[in-house]
Amino acid sequence: MAGRRRGQQRHAAPVPGGAAAAHRQRRHGGAHPVGAGAGRASAMDHLEAAGHVCLLKDACDLESSSEIARLIKAENLEAALALHLYRGGRLLRGCGIPFGIIFGGTDLNEDVSHREKNEVMGRVLEEARFAVAFTESMKETAQTQWPHARGKIYVQSQGVVTVPNAAFSWDTFLHRSGINQSADNLHIFLLVCGLRQVKDPLYLVDVFSEWHREEPNVYMVIAGPEVDPVFTREVKARVKRTAGVRLLGEMPQEDLHAALKNCFAVVNSSMSEGMSAAILEAMDLEVPVLARNIPGNAAVVKHEVTGLLFSDPQPGTLPPTPSPGEADAAAKEPRAPV
């Protein structure tokens, strides 16, 4: 993300985004990637509101730090912000301008286990002016891994704004999903994620398929961009032969928010999360949440208060579908503050 103060020369911040949203973000029209893409858009909005014009870049589109250096020189940039310590931060080493880091999730939960990546991230933090973690547990993990950065890591919880599309058609959504039943009697569980292994969208496929055989009005719909082409093919093949599970592609953000608002509950089955935007958006829309019990989700969801946490996808471990009255009551329970 890069830019200038309005009416002046170029000033602020290229943002090499993490790979959680592997498609280029479009600021006006087009599809809005989920996950890290939402976080990058939020950061961009705040910087622009402060008077900067920002240039948003995806780390997947940048091959090396020398490419970033050329961009900085060509655009006369003065500051940078990277989402994801490894994927984005490594490109800013030696860039010659001040930069900060926002931890993404997989950088702290996955990449730290790889010695080479761990060393690179440590060196990035040596150069960074500051680093932002979404939760205290993320901050503690980072400080344990890189004690030299202890004084520059701050906690700032992620926030969301939901804007459901008023013209969104739930019936059209169901038709696109291949669900040809009356919307009045359906229980749609929506799993929002980019198709990559760390999001583990296949984790609940078998249990939802069995649930669908027992209650044919129960479906799980997976919605999100095709981030990992090889894994995407695996997901498509598995879903194609599995009853009760459907797969949709990427959706515009406003349509996605409308779908969240209409679904029975939002599901998260990730192996690793920093702070799930889909969970926060569901809470903001007062939609029940079922989330895998991992640290990033447990930091947001208080079990049986603001949602349900699960560890075992076996049949019988997910709750039975309640009556419409019970569902309405559940949706009105207090949600975690955003």
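This section describes the sheet, helix packing, aromatic contacts and nonpolar cores of a predicted model.

Four strands form an open sheet in the order 3-4-5-6, and their pairing is parallel. Strand 3 and strand 6 (153-155) are the edge strands, each pairing on one side only. On average, neighbouring strands of this sheet are turned by 25° against each other, direction ignored. Helix 5 (residues 136-145) packs on the sheet, where it touches strand 5 and strand 6; the direction of helix 5 makes about 170° with that of strand 6.

Within the sheet, strand 3 (residues 80-83) is covered on both faces. Ala80 and Ala82 are buried on one side, and Leu81 and Leu83 are buried on the other. Strand 3 is joined to strand 4 (residues 99-102) by four bridges, and the two run parallel. Alanine 82 has isoleucine 101 of strand 4 as its bridge partner. Isoleucine 101 in turn has alanine 131 as its bridge partner in strand 5. Strand 4 and strand 5 (residues 130-133) pair over three bridges, in the parallel sense.

Aromatic contacts were considered next. A pair of aromatic rings is described by the distance of the centres and the angle of the planes. The count comes to seven aromatic pairs. Phenylalanine 168 and phenylalanine 173 form a tilted pair, at 6.0 Å centre to centre and with 55° between the planes. Both phenylalanine 168 and phenylalanine 173 are buried. The rings of phenylalanine 189 and tryptophan 211 have their centres 5.2 Å apart and their planes at 45°, so this pair is also tilted. Because phenylalanine 189 lies in strand 7 and tryptophan 211 in helix 7 (residues 205-214), the pair ties together parts that are 22 residues apart in sequence. Phenylalanine 189 has a relative accessible area of 3% and is therefore buried, the cut-off being under 20%. Tryptophan 211, with a relative accessible area of 8%, is buried by that cut-off as well. Phe189 and Trp211 belong to one aromatic cluster together with Phe208 and Phe264.

Two arginine residues lie over tyrosine rings. The charged end of arginine 90 sits over the ring of tyrosine 86, 5.1 Å from its centre. Arginine 292 lies over the face of tyrosine 203, at 3.5 Å from the ring centre.

In soluble globular proteins, nonpolar side chains tend to be buried together. The largest nonpolar core of the model has 70 residues, and those with the most contacts inside it are Phe103, Phe173, Ile188 and Leu190. Helix 10 gives the most to this core, with five residues. When neighbours within four places in sequence are left aside, isoleucine 188 is in contact with Trp170, Leu174, Ile179, Tyr219, Val221, Cys263, Phe264 and Ala265. Another core lies apart from the largest one and has 23 residues; among them are Phe231, Val239, Leu290 and Phe310.

Key. Residues numbered from 1 in each chain as written. Predicted model: local features only at pLDDT ≥ 70, side-chain atom pairs only at ≥ 80, totals over all residues. Heavy atoms only, no water. Buried < 20%, exposed > 50% of the residue type's maximum accessible area, 1.4 Å probe, protein only. Pairing = 2+ DSSP bridges. Axes fitted to C-alpha atoms, helices over the stretch in contact; angles between N-to-C directions. Contact = heavy atoms within 4.5 Å. Phe/Tyr/Trp six-rings, centres within 6.5 Å; stacked < 30°, edge-to-face > 60°. Lys NZ or Arg CZ within 6 Å of the ring centre and 35° of its normal. Core = buried A, V, L, I, M, F, W, Y, C linked by side-chain atoms within 4.5 Å.
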